[in-house]
There are 2 protein chains.
Amino acid sequence: MNAAAVEGGISLEELQLATRNHGMPLEALQYPITPGGLHYLLIHYDIPAVDPEEWRLEIAGNVEREVSLTLDDLRARPAAEIPVTMECAGNGRARLAPRPISQPWLSEAVGTGWWRGAPLRALLEEAGHRDGSLEVLFTGLDRGVEGGVEQDYERSVPLVEALRDEVVLAYELNGAPLPPQHGFPLRLVVPGWYGMTNVKWLSRITVLDRPFDGYQQERGYRLRQDPEDEGTPVTRMMPRALMRPPGVPEFLTRERFAPLKPCEVTGRAWSGWAPIVSVEVTTDGGTSWAPAELERPLGEWAWRGWSFRWEPSEPGRYVLGCRARDAAGNEQPLDEPWNVGGYANNAVERVVVTVGDPSV
Amino acid sequence: MNAAAVEGGISLEELQLATRNHGMPLEALQYPITPGGLHYLLIHYDIPAVDPEEWRLEIAGNVEREVSLTLDDLRARPAAEIPVTMECAGNGRARLAPRPISQPWLSEAVGTGWWRGAPLRALLEEAGHRDGSLEVLFTGLDRGVEGGVEQDYERSVPLVEALRDEVVLAYELNGAPLPPQHGFPLRLVVPGWYGMTNVKWLSRITVLDRPFDGYQQERGYRLRQDPEDEGTPVTRMMPRALMRPPGVPEFLTRERFAPLKPCEVTGRAWSGWAPIVSVEVTTDGGTSWAPAELERPLGEWAWRGWSFRWEPSEPGRYVLGCRARDAAGNEQPLDEPWNVGGYANNAVERVVVTVGDPSV
């Protein structure tokens, strides 16, 4: 299970990212929909200042007709609203050894929102993607330098993914206009995929007849065992269960203290590949596992609540953990799946709870 | 000026705090009022789950009449709304050497909100604080272990501070009910004081006839040069100016790149002691300083916008900085004021900008 140690120390560069971006405090697993401001956030460059009056969404490339839309145009179209769990592809990175240097997530880079917007498929059909179209490229207004390349943030998805019914161009989160940090005025939401796909501050959609080879596709977000590997792209979220930590925390260590009595342990689990079919819980550091009870699903693309009645029999220090399995047969590993970029580390987390003695 | 290095590496314990809590990304200095989710956040223990129907505010201690109020009772009272800049007392801590171990802030633990609520003074007068009252203690519903002591988070202020006209018990932030992470359903707001005073998830107010000696008052939040010192309490915010960094960032280093042309550098400055009377800017690493132009104040207790026209004459690497002075004569130092707890480090920040060459 994910060990406690962070190998070496976190550098200034990593800390600068960690003080800007933030995870979801794990006690926020109490909410089926993550309240505003608690959803995880990863911003590659700066939050751009966008004037919604000036802003346009342009659709171009390998299409029959180029399209230019205002925010009002998009709001006037039929809308869809969908609860979606979104996780950063780098979640768990800081648990890896050696540690890949980037945003140093532990385990909390996740959140679930109601995203409302215009379905993408109808827009692409109106523009008329031509024969030979392979991918759809999404370009944001956030600009910066990465790997020596000055760039707008942009990522593509295969055409077949872009045409899925549940893909939306979202202009609302939890019933309010998108906050600046979540992509105001518009962001892409591709349910099931890691966060990097859900391009924020969206300004341009380009239908391509060849694979996109920009920085964020060819160099970033690939699973590689060696920096020289071509690697394979990061796509959908691997299954993960997280626990709302029981008891109360110690300020600095975040270790937990709970009284000696039965305790309802709860949490949520998700996978981008298929529905969650089981969550198991250990209270002895992974020696034995018992099934948790699953709640009714919130939606096809949102996390699923679970609960487990824990009855510690004596005071002591317990190591808890939970692991999820999806209907496609993917299961969380106990050991970290290492790769150069530190992506998709869904190893089971340790939650240390001291029962019966509240003094450290 | 605050050096770039973080001495040693950040530990797992510090990182755990940094991935939960978060600063305000500095480009959010573009907003006079910080949008929801971008205001800094420091949560000592966990965000508690509060049922607003069950919740009550109790006022007791050295009073004529004990008072118990529902949220509706508070909302039915005359309300005040005030823009307040709030900064964590630990802002700048991770720049100190040796580095005090706690939440490792760099410089972004700040934000400004419109806080609306019931003025405290009228409530204390209705309860009738008796002769001999010295302090008012505020107790939150957040509970945890710190320094070996299991505790509710609680802090006191001198009675004279509690009776200031502008102190409110806030139930709204920026026109909406308090979000869970900012203290729903009620928090104390004492304009001018560092964040730790503004107790969240407020449940109890106790008028005291002697000084409060709890953990957060006697051990936490004191300025000490040696762990054995009695020290002096941390109270109001020292002056600080921050700059919205010009140009675009490099992803990992956060260093900036800007074209060779005139640039309007902007930012905001605040002090808890007195109004801001000047902001000066350096573009040569502190060798020379020139005055910035101050905007009209947003309010007596909120930061003040400033701007400075920078005309770099040739390509190169520039070190920018800004420093604030208040009407009480407090000015930001160039070197870090060290203390055991790492509080109130308001040394001038360095902002490195490479002009004219966007490639790293």
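## Domains of chain A

The centres of domain 1 and domain 2 of chain A, taken over C-alpha atoms, are separated by 27 Å. The model is predicted. Domain 1 of chain A covers residues 12-233, and domain 2 covers residues 240-355.

## Contact between the domains

Domain 1 of chain A contributes 31 residues to the contact between the two domains, and domain 2 of chain A contributes 25 residues. On the domain 1 side, the elements that give two or more residues are strand 3 (80-87) and strand 11 (222-223) of chain A. Strand 3 of chain A supplies the largest share of that side, 4 residues.

Sorted by class, the side of domain 1 of chain A that touches domain 2 of chain A holds 14 nonpolar, 10 polar and 7 charged residues.

## An open sheet in chain A

In chain A, 6 strands make up an open sheet with mixed pairing. Their order is 14-15-22-21-17-18. Strand 14 (248-249) and strand 18 (290-291) of chain A are the edge strands, each pairing on one side only.

Within this order, strand 17 (residues 276-282) of chain A pairs with strand 21 (residues 316-326) of chain A in the antiparallel sense, over 6 bridges. Ile276(A) has Asp326(A), in strand 21 of chain A, opposite it.

## Pairings of strand 16

Strand 16 (residues 263-270) of chain A pairs with strand 13 (residues 240-243) of chain A in the antiparallel sense over 4 bridges. In strand 16 of chain A, Ala269(A) is the residue opposite Ala241(A).

Strand 16 of chain A also pairs with strand 20 (residues 304-310) of chain A, again in the antiparallel sense, over 7 bridges. Here Glu264(A) has Arg309(A), in strand 20 of chain A, as its bridge partner.

## Contact between chains A and B

The contact between the chains takes 56 residues from chain B and 56 residues from chain A. On the side of chain B that touches chain A, two or more residues come from each of helix 1 (12-20), strand 5 (135-146) and strand 14 (248-249) of chain B. Helix 1 of chain B gives the most to that side, with 7 residues.

By class, the side of chain B that touches chain A comprises 29 nonpolar, 17 polar and 10 charged residues.

Key: Residues numbered from 1 in each chain as written. Chains lettered and ligands numbered in written order. Predicted model: local features only at pLDDT ≥ 70, side-chain atom pairs only at ≥ 80, totals over all residues. Contact = placed C-beta atoms within 7 Å. Nonpolar A, V, L, I, M, F, W, Y, C, P; charged D, E, K, R; others polar. Pairing = 2+ DSSP bridges. Domains from an automatic or database assignment.
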